[in-house]
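Biologist: I would like to learn how to read side-chain features from a set of coordinates. Could we work through a case together?

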Amino acid sequence: MSEVHGKGATILATLRSRISGGDYRPGYHLPPQRALAEEFEVSRDTIQRVLEELKSEGWIESRQGSGSKVRVTLPLHVTTQSKVSPGRMALGPFVARAFAQPVVELDVFTFTSESLDTHIRVQSEAIRDGQIPAPERIRLRILLPSDAIELPYPRARVAKESAAEVTERDRTLQARTREIKRRHTASLRDALRNLTTDRLVPDVDVLVREVPLVPTHKLYLRRGVEGLIGPYEIVERRILMDDDTEIDAWDVLGLGATLIRLANDEGAPNAVGSVFMQSWQDWFDSCWHRYDLP
């Protein structure tokens with residue numbers, strides 16, 4: 001299996017998101033390796049390693065002379081537990097375990113919901129395809145930073161330009177981030193609500209609340225069972241805008257991140273994991289009710 005690091009890991013996360021988000025639909029042929037290498041400004045060797053990783057995870061299939069195309073049946077999670085260090089976990093298996101229960105309950109505090117959208121859509125398609133039993137109920141609560149506050153990231157990374165030019169680039173980047181938040185939140189909401197519309201899941205409740213807070217960590221909780229928490233990584237990267245211009249920026253990346261697992265050990269309620277998880281659950285509940293605005 002190929003090892004993907006650095007920029008390759010970012011490309012891998014981007015392609016996963018495009019597949020799960022429907023940009024590359026089942027049966028769709030991915031762009032040629034040369035086109036992907038040009039888009040991401042990397043060598044074809046890097047693209048080949050990324051595609052090998054996608055293939056090993058079950059996202060795509062490749063044939064000599066035919067390129068790579070998205071599999072009709074997508075995987076249930078993105079990163080296998082065997083790749084994750086002890087005490088840590090990727091988001092995919094966590095969400096998969098939640099959806100393996102008759103009642104799915106998830107509380108989330110995140111920056112844009114991009115990572116969550118990826119895995120929610122995977123589970124939704126798994127229900128539709130009969131890969132997993134349909135739950136009786138799905139209840140998802142999401143806290144997101146409000147559009148009314150100024151975000152610390154992304155920020156343009158420029159030198160020798162006027163303050164006005166820098167400020168305008170920052171505004172453009174922040175508008176893009178808010179649009180990503182809206183798009184992915186709408187995507188995961190539609191993916192879940194359509195399960196009810198199509199009579200696959202009897203009860204679906206997706207609640208989204210914007211708060212005047214910016215997360216430094218992403219937080220996922222299965223009430224009374226387990227939680228995941230991990231810091232957003234601040235990175236320097238070039239962001240491609242919708243008009244094909246590029247802006248060098250400081251940004252935060254969370255898609256594909258490995259998170260620290262907090263488990264509720266019923267046999268040891270005072271264990272560190274149990275205490276931390278309950279503390280974060282209490283914090284989430286207090287924020288949820290504190291900002292229950294009319």
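Predicted model: local features only at pLDDT ≥ 70, side-chain atom pairs only at ≥ 80, totals over all residues.

Biologist: Start with the rings. How is a ring pair described?

Modeller: A pair of aromatic rings is described by two things, the distance of the centres and the angle of the planes. Here the count comes to 4 aromatic pairs. Take Phe109 and Trp283: the centres are 5.3 Å apart and the planes stand at 45°, so the pair is tilted.

Biologist: Which elements hold Phe109 and Trp283?

Modeller: Phe109 is in strand E4, residues 103-109. Trp283 is in helix H7, residues 272-290. The pair therefore ties together parts that lie 174 residues apart in sequence.

Biologist: Is Phe109 buried or exposed?

Modeller: Phe109 is buried, at 6% relative accessible area. The cut-off for buried is under 20%. Trp283 has 27% relative accessibility, so Trp283 counts as partly exposed.

Biologist: Which pair in this model is stacked?

Modeller: Phe284 and Trp288 form a stacked pair. The distance is 6.0 Å centre to centre, with 15° between the planes. Both residues lie in helix H7, 4 residues apart, which is about one turn of the helix. Phe284 and Trp288 are both buried.

Biologist: Which residues do ring pairs link into a cluster?

Modeller: Phe109, Trp280 and Trp283.

Biologist: Now charges over rings. Which residues lie over the face of Trp288?

Modeller: Arg141 lies over that face, 5.1 Å from the ring centre. Arg209 also lies over the face of Trp288, at 3.9 Å from the ring centre. Recall that Trp288 also stacks with Phe284.

Biologist: Next, salt bridges. What is the general idea?

Modeller: Side chains of opposite charge can pair when their charged atoms come close. This structure holds 23 salt bridges. One of them joins the side chains of Asp203 and Arg137, at 3.3 Å from N to O. Asp203 is in strand E7 and Arg137 in strand E5 (residues 137-145), so look for a link between distant parts of the chain, 66 residues apart.

Biologist: How accessible are Asp203 and Arg137?

Modeller: Asp203 is partly exposed, with a relative accessible area of 33%. Arg137 is partly exposed as well, at 28%.

Biologist: Which residue forms a salt bridge with Glu210?

Modeller: Lys181 does, at 3.2 Å from N to O. Glu210 sits in strand E7 and Lys181 in helix H6, residues 163-197. These are distant parts of the chain, 29 residues apart. Glu210 has 35% relative accessibility, so Glu210 counts as partly exposed. Lys181 is buried, with a relative accessible area of 5%.

Biologist: Which residues belong to the salt-bridge network that includes Glu210 and Lys181?

Modeller: The network links Asp147, Arg178, Glu179, Lys181, Arg182 and Glu210.

Biologist: What does the bridge between Asp248 and Arg238 tie together?

Modeller: The side chains meet at 2.9 Å, N to O. Asp248 lies in strand E11 (residues 246-253) and Arg238 in strand E10 (residues 233-240), so the bridge ties together parts 10 residues apart in sequence. Asp248 is partly exposed at 32%. Arg238 is partly exposed at 45%.

Biologist: Let us turn to loops. Where is Thr112 found?

Modeller: Thr112 is in the loop between E4 and helix H5 (114-128). At 11% relative accessibility, Thr112 counts as buried. A polar atom of the Thr112 side chain lies 3.3 Å from the backbone nitrogen of Glu114.

Biologist: Which residues does Thr112 touch, beyond those up to four places away in sequence?

Modeller: Thr112 touches Leu144, Thr177, Ile180, Lys181, His184 and Thr185. Lys181 is the partner of Glu210 in the salt bridge above.

Biologist: And where is Pro215 found?

Modeller: Pro215 is in the loop between strand E7 (203-211) and strand E8 (217-222). Pro215 is buried, with a relative accessible area of 6%. Setting aside residues up to four places away in sequence, Pro215 touches Phe109, Thr110, Phe111, Pro145 and Tyr232. Phe109 is also part of the ring cluster.

Biologist: How far apart are Pro215 and Pro231?

Modeller: They are 16 residues apart in sequence and 8.7 Å apart in space, C-alpha to C-alpha.

Conventions:
Residues numbered from 1 in each chain as written. Heavy atoms only, no water. Helix = DSSP H or I, 4+ residues; strand = E, 2+ residues; numbered from the N terminus. Buried < 20%, exposed > 50% of the residue type's maximum accessible area, 1.4 Å probe, protein only. Contact = heavy atoms within 4.5 Å. Phe/Tyr/Trp six-rings, centres within 6.5 Å; stacked < 30°, edge-to-face > 60°. Lys NZ or Arg CZ within 6 Å of the ring centre and 35° of its normal. Salt bridge = Lys/Arg side-chain N within 4 Å of Asp/Glu carboxyl O. Polar contact = N/O pair within 3.5 Å; in protein donor to acceptor, adjacent residues only side chain to side chain.
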